[in-house]
Amino acid sequence: MRDEYRVALEEVIVAKAAGERPPAPEPAEPASAQVVDLMAMLEKSVQDAKATRGEPATVHPMPTKGKTTAKKTGSTAAAAKKASPKRATAKKAASKRKPPRSA
């Protein structure tokens with residue numbers, strides 16, 4: 001293992017101590033531009049797993065935020081009706097502060 005940053009930093013320090021111009025940095029290798037679609041990979045993995053178990057491989061779209069797809073049944077519906085709505089908290093009036101004394 002080689003610490004390339006430390007080696008480059010030492011070269012810059014030596015060059016500055018000698019009154020020379022520091023060496024120009026070498027261009028870095030470009031990063032990989034490969035983009036991976038994680039959701040597609042996950043869906044494929046789920047389909048493959050279901051296929052090996054013998055289940056039908058169906059993928060349903062994810063529900064949008066704020067909408068519920070599950071129906072309320074039984075005690076959960078009754079509990080939802082009994083639950084009281086949240087009350088908005090009253091804002092407190094800003095207290096008056098005394099200005100600081102000047103000397």
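Me: Buried means under 20% relative accessible area, exposed over 50%, and partly exposed in between (1.4 Å probe, protein chains only). Why does V12 count as partly exposed?

Reply: This is a predicted model, where local features need pLDDT of at least 70, side-chain atom pairs count only at pLDDT 80 or more, and totals for chains, interfaces and linings use all residues. Residues are numbered from 1 along each chain as its sequence is written, and side-chain values use heavy atoms, with hydrogens and water left out. Now V12: its relative accessibility is 26%. That falls between the cut-offs of 20% and 50%, so V12 is partly exposed. V12 lies in helix α1, residues 4-17 (a helix is a DSSP run of H or I, at least four residues, numbered from the N terminus).

Me: What makes E10 and R6 a salt bridge?

Reply: The rule asks for a side-chain nitrogen of Lys or Arg within 4 Å of a carboxyl oxygen of Asp or Glu. For E10 and R6, the N to O distance is 3.2 Å. The pair therefore passes. Side chains of opposite charge can pair when their charged atoms come close.

Me: How do you know that E10 and R6 are about one helical turn apart?

Reply: E10 and R6 are four residues apart in helix α1, so about one helical turn separates them.

Me: Why is R6 called exposed, but E10 partly exposed?

Reply: R6 has a relative accessible area of 53%, so R6 is exposed. E10 stands at 40%, so E10 counts as partly exposed.

Me: How many salt bridges are there by this rule?

Reply: Two. One of them joins K44 and D48, with the closest N and O atoms 3.0 Å apart. K44 and D48 both lie in helix α2, four residues apart, about one turn of the helix. D48 has a relative accessible area of 39%, so D48 is partly exposed.

Me: Where is V46 found, and why is V46 called partly exposed?

Reply: V46 is in helix α2, residues 38-53. Its relative accessible area is 36%, so V46 is partly exposed.

Me: Which residues line the largest pocket?

Reply: The lining is R2, E4, V7, A8, E11, V12, P23, A24, P25 and E26. V12 and A24 sit twelve residues apart along the chain, and their C-alpha atoms are separated by 9.3 Å.

Definitions and conventions. Helices (H or I, at least four residues) and strands (E, at least two) are DSSP runs, numbered from the N terminus. On a 1 Å grid over the protein atoms alone, a cavity is a set of points where a 1.4 Å probe fits but cannot get out, and a pocket is an open set with protein on both sides within 12 Å along at least five of seven lines; lining residues have an atom within 4 Å of a point.
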